[in-house]
Amino acid sequence: MSEAWAQISDILAKTTGPGTYKVWIKPLEAEQSPGGLTVLAPNSFVASWVKDRLADDIADAAAQVLGSRPSIEIKVRRREKRVKTTVIEQPLLQTASVQAPKPAFAMAGASSAPNSSSVFRSRS
């Protein structure tokens, strides 16, 4: 059917115009059944639009290729189930600011400034 659909698509490209063809016909696929043609659209919006506006054009083009006018059924193409993958973004590691360690006496609670009572002053 892919060869017949390619011929039908070529006819539709000429009869519907380049814009209509590119947006509405090119995404379609088709399967032939006895006495009919099932047109598969990528989503329900496209299927509805094509059914309302282009089903007769598709049937006319198919009649030229297949030798008789088929019944046209327009469906949404089933998508293959895909495994959904999730990307987890991890925050960037923040660099901690490094400070010089405090002297041991400061860590024990002692002041780093000299205590006035422990400072000896010389008298002159």
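These are my notebook entries on a predicted model.

**Ground rules.** I number residues from 1 along each chain as its sequence is written. Because the model is predicted, local features need pLDDT of at least 70 and side-chain atom pairs count only at pLDDT 80 or more, while totals for chains, interfaces and linings use all residues; side-chain values use heavy atoms, with hydrogens and water left out.

**Layout.** I looked up the elements, taken as DSSP runs numbered from the N terminus (helices, H or I, at least four residues; strands, E, at least two). I found five helices and three strands, in the order α-α-β-β-α-α-β-α from the N terminus.

**Burial.** I call a residue buried under 20% relative accessible area, exposed over 50% and partly exposed in between (1.4 Å probe, protein chains only). Of the 124 residues, 23% count as buried.

**Aromatic rings.** I searched the whole structure and found two aromatic pairs. Rings of Phe, Tyr and Trp (its six-membered ring) pair if their centres lie within 6.5 Å; planes under 30 degrees apart are stacked, over 60 edge-to-face, the rest tilted. Trp24 and Phe45 have ring centres 5.9 Å apart and planes at 45°, so I note this pair as tilted. Trp24 lies in helix H2 (residues 18-25) and Phe45 in helix H3 (residues 44-53), 21 residues apart. Trp24 is buried at 14% relative accessibility, whereas Phe45 is exposed at 57%. Trp24 also pairs with Trp49, stacked at 4.0 Å centre to centre with 5° between the planes. Trp49 is in helix H3, 25 residues from Trp24. I record Trp24, Phe45 and Trp49 as one aromatic cluster.
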